[in-house]
Amino acid sequence: MQWASWSAFWDMGGYGLYVWGSYGALFFLILAETFFLVRGRKRTLQQIRRMKNWEQQ
Amino acid sequence: MAFSIYKYASPMTFYGLAGKLIPWFAWGAAILTVLGLYIAFFMAPTDFQQGEAYRIIFIHVPAAWMSMFIYIIMAFWSAVGLAWNTRLSFMMSRALAPTGAVFAFLSLWTGALWGKPMWGAWWVWDARLTSSLILFFLYVGIMALWSAIDDRRRSDRAGALLILVGAINVPIIYFSVKWWNTLHQGASVSLMKSPSMASIMLIGMLVLAIAAWFYAIATALTRVRGIILERERQTEWVKELLEKI
């Protein structure tokens, strides 16, 4: 185990801002990209369905 | 073998194949990320020079590698698409671009957050940093060009051309630390010599690099499925598919 305590872990030897700023950005962007991918897929399916229904009328 | 390649070059077959592959790559990415982060934070020791700040390397290097790899793959698909006019090639490079842009941005962002405590500056106009910034602008520019041209075929071809012209930037990024005097350190890992870092650090970085590959594949395949549906919506197979789901 590298860390004496959880506060030592979050402090990162005084570099907490830089380390967690990096990892935070990584997770934010991964979650955002996943969200937009899932939403985009739903929207594409909806759009194609709508066009299909419109053609059938 | 040749037969199966041609078979999967058809958007219809590829749509199904991609759908089967996505869960494997997505779960692979998730598991490897957890494992890689565990190594990065709980197994890798404190660096004797940089203290804990060096732990940024575990995401900075994989992000920078991916931003270049993805660009090379996009250039490959663009060349194939321009040469043989295959439909799926252009769709593949479109599906890869947003993920490439995310990694390019992350390499710049984590680099800035690492540069500040180590060099005393968020940013310097050094060869490595500047060429990496150009890579990010290329990704953004390519996506803007695609969306600016309404005609799909022209849009595909213009984008592919820009991707191929911009490909010159990738070797410039890679060799920038050798060709110019830069503040950025040279490669700690290369194919030619043994790596100049502790092996547990290297293992953590490689695990996260593979996780990044899996993530990129999963997102690109998900995106390409959407593009296939949009482009093939007039075909019978898409109409039949929509009745099932």
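**Figure 1. Contact between helices α3 and α6 of chain B.** In this predicted model, B:M74, B:A75, B:S78, B:A79, B:G81 and B:L82 of α3(B) meet B:D156, B:R157, B:A160, B:I163 and B:L164 of α6(B). By residue type, this contact of α3(B) with α6(B) comprises seven nonpolar, two polar and two charged residues. Two packed helices are described by the angle between their axes and the distance between those axes. Here, helix α3 of chain B (residues 57–84) and helix α6 of chain B (residues 152–166) pack at an angle of about 130°, and their axes are 9 Å apart. The two helices α3(B) and α6(B) are therefore oblique to each other. The crossing in which α3(B) passes α6(B) is left-handed.

**Figure 2. Contact between helices α5 and α7 of chain B.** Helix α5 of chain B spans residues 127–148, and helix α7 of chain B spans residues 169–179. Their axes come within 8 Å and cross at roughly 160°. Because angles over 145 degrees count as roughly antiparallel, this crossing makes α5(B) roughly antiparallel to α7(B). The crossing of α5(B) past α7(B) is left-handed. On the α5(B) side, the residues in contact are B:A127, B:R128, B:S131, B:S132, B:I134, B:L135 and B:L138. They meet B:N169, B:I172, B:I173, B:S176 and B:V177 of α7(B). Seven nonpolar, four polar and one charged residue make up the contact of α5(B) with α7(B).

**Figure 3. Surroundings of B:V177.** The residue B:V177 belongs to helix α7 of chain B. It is partly exposed, with 17 other C-beta atoms within 10 Å. Leaving aside residues up to four places away in sequence, B:V177 touches B:R128, B:T182, B:H184, B:G186 and B:A187. B:V177 and B:L129 are 48 residues apart in sequence, and their C-alpha atoms are 9.9 Å apart in space.

**Figure 4. The side of chain B that touches chain A.** In total, 28 residues of chain B are in contact with 22 residues of chain A. On the chain B side, α4 (87–119), α8 (199–231) and α9 (236–244) each supply at least two residues. The most is given by α4(B), with nine residues. The side of chain B that touches chain A divides into 14 nonpolar, seven polar and seven charged residues.

**Figure 5. Chain A.** Chain A contains two helices and zero strands. Its radius of gyration is 22 Å, whereas the globule rule gives 10 Å for 57 residues; the value for chain A is well over that of the rule, so chain A is more spread out than a compact globule. Taken along the principal axes, the box filled by the C-alpha atoms of chain A is roughly 70 × 20 × 10 Å. Of the 57 residues in chain A, 11% count as buried.

**Figure 6. Chain B.** Chain B has nine helices and zero strands, and its pattern along the sequence reads α-α-α-α-α-α-α-α-α. The C-alpha trace of chain B spans about 65 × 35 × 30 Å along its principal axes. Buried residues account for 37% of the 245 residues in chain B. Among the contacts in chain B with a separation of 6 or more, 77% join residues 24 or more positions apart.

Note on methods:
Residues numbered from 1 in each chain as written. Chains lettered and ligands numbered in written order. Predicted model: local features only at pLDDT ≥ 70, side-chain atom pairs only at ≥ 80, totals over all residues. Axes fitted to C-alpha atoms, helices over the stretch in contact; angles between N-to-C directions. Helix = DSSP H or I, 4+ residues; strand = E, 2+ residues; numbered from the N terminus. Parallel < 35°, antiparallel > 145°, perpendicular 65-115°, else oblique. Left-handed = near helix turned anticlockwise from the far one by under 90°. Contact = placed C-beta atoms within 7 Å. Nonpolar A, V, L, I, M, F, W, Y, C, P; charged D, E, K, R; others polar. Rg over C-alpha atoms; globule rule 2.2 N^0.38 Å. Buried ≥ 20, exposed ≤ 12 C-beta atoms within 10 Å, placed from the backbone.
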